[in-house]
Each structure stands twice: as structure tokens, then as C-alpha cells.
Amino acid sequence: MLVYRDGKDSRLTDLGRDLRSEFAAIVDREQRIRAISLNRVRGRRETLTLGIVNTIAPALITGFVSHALRQMPMLELVL
């Protein structure tokens with residue numbers, strides 16, 4: 001049961017509250033996906049921000065960056 005009802009008293013059950021937060025997260029992701037696709041269609045740049053710690057070998061990152069920029073030329077990369 002997702003909703004508790006007793007006459008005029010209606011409210012979400014514990015399960016309803018848990019599912020509501022999960023569905024809200026799905027809606028947020030869907031909105032982000034739509035924004036990304038619209039930006040792509042309109043030719044806008046998409047920004048990818050990466051945090052890099054000094055323990056990562058630069059050679060590993062350069063391969064990824066080169067591949068990403070070849071695949072997505074409108075990508076702006078912020079390191």
C-alpha cells in the first residue's frame with residue numbers, strides 16, 4: 001500500500017515515501033537527459049568536469065580525453 005486513506009485523511013505510507021524519492025530521482029535524471037540532448041541538437045557545448053588526483057598516471061587520462069573529444073567534438077572538458 002502506497003497511500004493511507006481514512007476518510008479525509010490521506011497520506012503516503014513509509015513505502016510510498018521511499019518510492020516517491022526514487023521516482024523523483026528518475027524524473028531529475030530524465031530532465032538532465034532531455035537537456036543534454038537538446039544542447040546536442042542545438043549545437044551547444046556540453047561541459048564535463050573531472051577532478052584528478054595526483055596519484056593517477058597522466059597517460060591514462062590523456063587517452064580518455066583524446067577519445068572523448070573525438071567522439072564528442074562539442075564537449076568542453078574542465079580538469
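E30 is partly exposed, at 36% relative accessibility (buried means under 20% relative accessible area, exposed over 50%, partly exposed in between, with a 1.4 Å probe and protein chains only). The model is predicted: local features need pLDDT of at least 70 and side-chain atom pairs count only at pLDDT 80 or more, while totals for chains, interfaces and linings use all residues. Residues are numbered from 1 along each chain as its sequence is written, and side-chain values use heavy atoms, with hydrogens and water left out. Searching the whole structure gives three salt bridges (a side-chain nitrogen of Lys or Arg within 4 Å of a carboxyl oxygen of Asp or Glu).

- Helix α1 covers residues 14–41 (helices are DSSP runs of H or I, at least four residues, numbered from the N terminus).
- E30 pairs with R34 in a salt bridge whose closest N and O atoms are 2.8 Å apart.
- Both E30 and R34 belong to helix α1, where four residues, about one turn of the helix, separate them.
- D14 and R17 form a salt bridge through their side chains, at 2.1 Å from N to O.
- D14 and R17 are three residues apart in helix α1, again about one turn.
- D14 is exposed, with a relative accessible area of 54%, whereas R17 is partly exposed at 43%.

**The D9–R11 salt bridge**

- D9 and R11 form a salt bridge, with 2.6 Å between the closest N and O atoms.
- R11 has a relative accessible area of 44% and is partly exposed.
- D9 is also partly exposed, at 33% relative accessibility.

How values were computed: Helices (H or I, at least four residues) and strands (E, at least two) are DSSP runs, numbered from the N terminus.
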